[in-house]
Amino acid sequence: MQIIQPHYHAIARTAQDYEKMAMSGVVAVAEPAFWAGFDRLYPETFLDYFRQISEFEPTRAAEYGIKHYCWVAVNPKEAENPTLSHEVLKHMPEFYEKPNVLGVGEIGFHKTTKNEEEIFEAQVEQAIKYDQLILIHTPHLQDKVRGTKRTLEVLSHMNVNPERVWIDHVEEHTIREPLEAGYWVGFTLYPVTKCSPKRACDMLEMYGHERILVNSSADWGPSDPFTLQMCVMQYRARGYSVQDAIEIFHNNPARFLGQNPKFDIKPIQLETIEEEITDMV
Amino acid sequence: MQTALQVLDREYLEARCSLLELAAALDRIDRAHDHEEASGDLQDSRLDLLNQAIKILSEESHLPNRSERLLLLFSDLD
């Protein structure tokens, strides 16, 4: 079955992941800009990172027949440094010209501070100005509810089209509001600290599959890109058809990411071919 | 040996995750049952066992043998 991995931090993973993803039906990955595990000190460090995900990673993925797309942004943790962040923002428009850059992300809140909010707003404004898609990270664990609510409050005062905004890492207690406000939401399947494949399937059963994305967010932490395939298996085990699974794990990312014309993978529909059986005797 | 705080630091997120998975499983059973046509009370001894296990976990107790008591609960002792 064909799968799109819409949130994946390839630079933190080995080529073996690409190889195994290709073998398990992954046709494309999208890589949001991410925290490196330490706070970067120089704007140029970000720019080289953006070059890595917009120039080098597509070539590495292509060796396995996988299309690689990416997003550029100052991530929420490093947005705590506004001086550095504004310097990086000045250069981000250069990257919107790259053939695989889909938008601005991941942005948003980590600790929901004033500095984070200033840079979040600046990046949303830039995304609107340059007609870019927006990918928003919501905080971890006990900060998630507060950060998600503040995200929605900030967005409500800005001129965003909710259909072009993806609010990620939602769980049972944060899915309802963004979905009802018309945004896309994402479930991140991540061991221990985020959502599990079973809980993701529960939410799909409760909320349907419209405007919902599922991703592994696999990075340098104790994560696994194949949680997505585990979720497909879990969903199918509950009696849903291959086409139902394709709608969620291929067609929805194709629909959301395809709002940027650079993302050229279209939704697919299975077709049964009637073949005449000829007598071979 | 680790201190209690060190154990809590190491185990908190996994314990949180296990509780969430349990809550989600019980919700899943409820939702499926709500969708069934003749949905009265679900009578199944395994559900009773799970509820008894949850009570054991929630009891204030100085006996550090919750896992042993759960396994005995789930044992066929007849």
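Buried here means under 20% relative accessible area, exposed means over 50%, and partly exposed is in between, with a 1.4 Å probe and protein chains only. Quick housekeeping: this is a predicted model, so local features need pLDDT of at least 70 and side-chain atom pairs count only at pLDDT 80 or more, while totals for chains, interfaces and linings use all residues. Residues are numbered from 1 along each chain as its sequence is written, chains are lettered from A and ligands numbered from 1 in the order in which they are written, and side-chain values use heavy atoms, leaving out hydrogens and water.

Back to Thr112(A): you'll find it in the loop between β4 and α4 (114-129) of chain A. Helices (H or I, at least four residues) and strands (E, at least two) are DSSP runs, numbered from the N terminus. Thr112(A) isn't a glycine, yet it has a positive phi of about 60 degrees. Most residues other than glycine have a negative phi, and most peptide bonds are trans. Speaking of which, the Gly105(A) to Glu106(A) peptide bond is cis, with omega near -5 degrees, and Glu106(A) sits in β4 (residues 101-108) of chain A.

Glu106(A) also shows up around Phe34(A). Leaving aside neighbours within four places in sequence, Phe34(A) is in contact with His9(A), Arg40(A), Tyr49(A), Asn75(A), Glu78(A), Glu106(A), Asp219(A) and Trp220(A); contact means heavy atoms within 4.5 Å. Phe34(A) is in the loop between β2 (26-31) and α2 (43-62) of chain A, and counts as buried at 18% relative accessibility.

So which other non-glycine has a positive phi? That's Ser217(A), at about 55 degrees. Ser217(A) lies in the loop between β8 and α8 of chain A and is buried, at 4% relative accessibility. Again skipping neighbours within four places, Ser217(A) touches Gln5(A), His7(A), His9(A), His169(A), Thr188(A) and Tyr190(A).

Next, helix α7 (residues 197-207) of chain A. Its buried residues are Pro197(A), Arg199(A), Ala200(A), Cys201(A), Asp202(A), Met203(A) and Leu204(A). What do they pack against? In chain A, β7 (184-188), β8 (212-215), α8 (227-237) and α9 (242-257), together with α1 of chain B. Just after α7(A), Gly208(A) takes a positive phi of about 75 degrees.

Patch residues have over 30% relative accessible area and no salt bridge; like charges are joined within 9 Å, nonpolar side chains (Val, Leu, Ile, Met, Phe, Trp, Tyr) within 5 Å. Areas are Shrake-Rupley with a 1.4 Å probe, and for residues only the protein chains shown count as cover. A salt bridge is a side-chain nitrogen of Lys or Arg within 4 Å of a carboxyl oxygen of Asp or Glu.

Leu5(B), Leu8(B) and Tyr12(B) make a nonpolar surface patch of about 340 Å². Leu5(B) lies in helix α1 of chain B and counts as exposed, at 58% relative accessibility. That's my tour, thanks!
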